[in-house]
Amino acid sequence: MSYVPMCLGNPGKKSYVPMCLKRKQDYKFFKINPMGTNKKLSIFIRKEFYHILRDRRTLLILLGMPAVLVLLFGFAISNEIKNADIGVLDYAQNDQSQRLTQRLSASEYFTLALPLHSTQEIEEAFRAGSIKMAVVLPPKFGEETARGLPGSLQLIADGTDPNTATTLSNYASAIIGDFLQEQQPLQQQPMVIQTEVRMLYNAGLKSVFMFVPGVMTVILMLVSAMMTSIAITREKEVGTMEVLLASPLPPPLIVIGKVIPYILLALANTAVILLLGTEVFGMPIRGNYALLWLECFLFVLTALSLGILISTRTDSQQVAMLFSLMVLMLPTILLSGFIFPIESMPLPLQVISNIIPAKWFIIILKDVMLKGGGMELVWQETLILLGMTVFFIALSVRSFNIRLA
Amino acid sequence: MIQTQNLRKSYGTTPALRGINLQVQPGELFGLIGPDGAGKTTLIRILATLLLADEGSAQLDHKDVVADYRAIRRSIGYMPGRFSLYQDLTVEENLTFFATIFGTTIEENYELIRDIYVQLEPFKDRRAGKLSGGMKQKLALCCALIHKPTVLLLDEPTTGVDPVSRQEFWEMLQRLKAKNITILVSTPYMDEASLCDRVALMQDGAILQVDEPDSIVNSYDKPLLAVKTANIYQLIQDLRQFEPAHTVFPFGEYVHLSLKSVVWPELIHGYLLDRGHADIEIKQAMPTIEDIFMEKSQV
């Protein structure tokens, strides 16, 4: 890093020392001839790239993982249900029941797997796993409703998977509700409150909108925090840190040199995830691109500062990795609101979630990408992340050892 | 060039250095001789500004290792005990890297490393991790030398290296000494002591003796015999029972026996015959550093 003093007032004056470097020690920290420092930093970064590029397996994981995770979440791990197999036990066998059955199977959510003929068969079909839900239409279905009386039908769902069961019965209820409404002229309807639901920012309730920010957060955390903490502790473990420390390289330069390649890598991963999210899954980016990238860069810095902090406290790659996984990755996945909504957590966990950087980053991402918000919407979250970054960097500078042990 | 005053260092409750006082003159090839655990590495790391002593102080070229550590880091060449270069970088990349971080280039100081580097040159595109042990040490020495240090601190550079490479390594150190570089080198091999200008014998964190190798050897004042029989193991056991024996330890194919006072060889011969030894051979032995070491550590 070359340190060029910023002099706003009189740029020509060379002896200017910025306020933050007034203490003699601070000044010494940076006082190496700038030209030489540039060269040192660039060879350090080059060296770091050799390490990354020559470790093929890690490189493959680093570059392939984002794509795999996004595709995996996008196609396989989805809480939307499409084409669920259902069975219909139709006791009515009339015009109305036929139309409802057709309506159900015509929707993208359900596929009519098999006609059922008795309650016994329902049980058997569930046991065999051939259907996820059964619809039982009573005899004379539709006749009561036609006369303006409340009618009924039965939905039977597989409770071993509560999420799917709830989702399916909700879908079915909605379709049936629509169907009944169409059957009757409006004036005949009893006085009921019509709820008009509109899902803002994500009208289709697509889960992609949820997991793209989530996966991005996890990947950036992984690449930035875990990989840097491993890369720095590797130097300690192999013994090269000893040689670097005994050299005239200033310790901040060692850390910056190690970290820059991972910043680039993390940003490349961001690009891949955003591209896949928008092109393959139709995720919108309604906000400002520049703001989005700035926020990503900020979060990368937060994660890096955490990685550096971990590496200053550990001496082996294994410990650094375990520590990163346990202390960073798990909370990032579980407590950030990525998978489990924070609102439904017990209070202590809700409080803890506030110190998870990922939580704020996910909020920012959603605000910028989905709500199209600008700085006026996310400045609080941005400040929190910024504060965390400064805090972690200060902490790591304090605990970075200029000697062994 | 190097001074230490009463250096002490403990790891937890285990003392590593118990008051080290050392003076190394400019341009000297100085050896720290001692077995594993003697405290050699700790001492060198303190001098290399990598460890802080609990007590005492040390200076390199009149610069304090704690206060002026930045200045020292610019002027020393340090080679740690285990191979500490980048195994996934080639020979040339390693050398370029270390030259650059010291603010110099290979060309600028090529003169200094030429003798060593010519041997490495055929392998310059090979990854450092794929070099033989001897080659690795030569490369590490090149990297430690590339910025023309005034002081070289070498921690057991010849450990785990084949005898031919060890020989070559010491020849290189002699040539560097001729270029007026002060060299502090530690080694557990006693036979390497004679290659130094002066040596310090170290054990259990203390210096037993500092002198020129010849003077140390000449200071040996006990009668010393080399004994050999058909059964060496039994021989050691029996000699340790022998009343006039002072120290007994295996030395190559012989057993070195030092005596508390002069004893006729015939007496020893008879003693060993009584104990049932065959093929007895007893001869006068020239003391070596190892004998001194056994003698000193006996006390």
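**Entry 1: the largest cavity**

I began with the residue classes around the largest cavity: its lining has 12 nonpolar residues, four polar ones and no charged ones. A note to myself before going on: this is a predicted model.

Next I looked up how much space that cavity holds, and the value is about 110 Å³. Its lining runs to 16 residues. Nearest the centre I found V243(A) from chain A, together with Y78(B), M79(B), C143(B) and A144(B) from chain B.

Which elements of chain B each supply at least two residues of this lining? I found β6 (76-79) and α5 (133-145). The largest share comes from β6(B), with four residues.

I also checked how many cavities of 30 Å³ or more there are, and the count is six. A reminder on the method: rolling a probe the size of a water molecule over the atoms shows where empty space is left.

**Entry 2: where chain B meets chain A**

I turned to the interface and listed the contacts: 32 residues of chain B touch 28 residues of chain A. The two chains bury about 2800 Å² between them, and carbon and sulfur atoms give 61% of that area. On the chain B side, R73(B), Y86(B) and I101(B) lose the most area to chain A; together they make up 22% of what that side buries.

Then I went through the polar side of the interface. I found 13 residue pairs in polar contact across it, both partners being at pLDDT 80 or more. In chain B, α2 (69-75), β6 and α3 (91-101) each supply at least two residues of the side that touches chain A. The largest share of that side is six residues, from α3(B). Sorted by class, the side of chain B that touches chain A has 18 nonpolar, six polar and eight charged residues.

**Entry 3: salt bridges**

Side chains of opposite charge can pair when their charged atoms come close. How many salt bridges cross the interface of chain B and chain A? I count two. One pair I looked up is E93(B) with R54(A), whose closest N and O atoms are 2.8 Å apart.

Over all chains, the structure holds 22 salt bridges. Inside chain A I picked out E123(A) and R127(A), which form a salt bridge with their closest N and O atoms 3.3 Å apart. I wanted to know how these two sit along the chain. They belong to helix α5 (residues 119-128) of chain A and are four residues apart, so about one helical turn separates E123(A) from R127(A).

Conventions
Residues numbered from 1 in each chain as written. Chains lettered and ligands numbered in written order. Predicted model: local features only at pLDDT ≥ 70, side-chain atom pairs only at ≥ 80, totals over all residues. Heavy atoms only, no water. 1 Å grid on protein atoms, 1.4 Å probe; cavity = no way out; pocket = protein on both sides within 12 Å on 5 of 7 lines; lining within 4 Å. Points joined across faces, edges and corners; volume = space filled by probe spheres on them. Nonpolar A, V, L, I, M, F, W, Y, C, P; charged D, E, K, R; others polar. Contact = heavy atoms within 4.5 Å. Buried area = accessible area lost by both parts, 1.4 Å probe. Salt bridge = Lys/Arg side-chain N within 4 Å of Asp/Glu carboxyl O. Polar contact = N/O pair within 3.5 Å; in protein donor to acceptor, adjacent residues only side chain to side chain.
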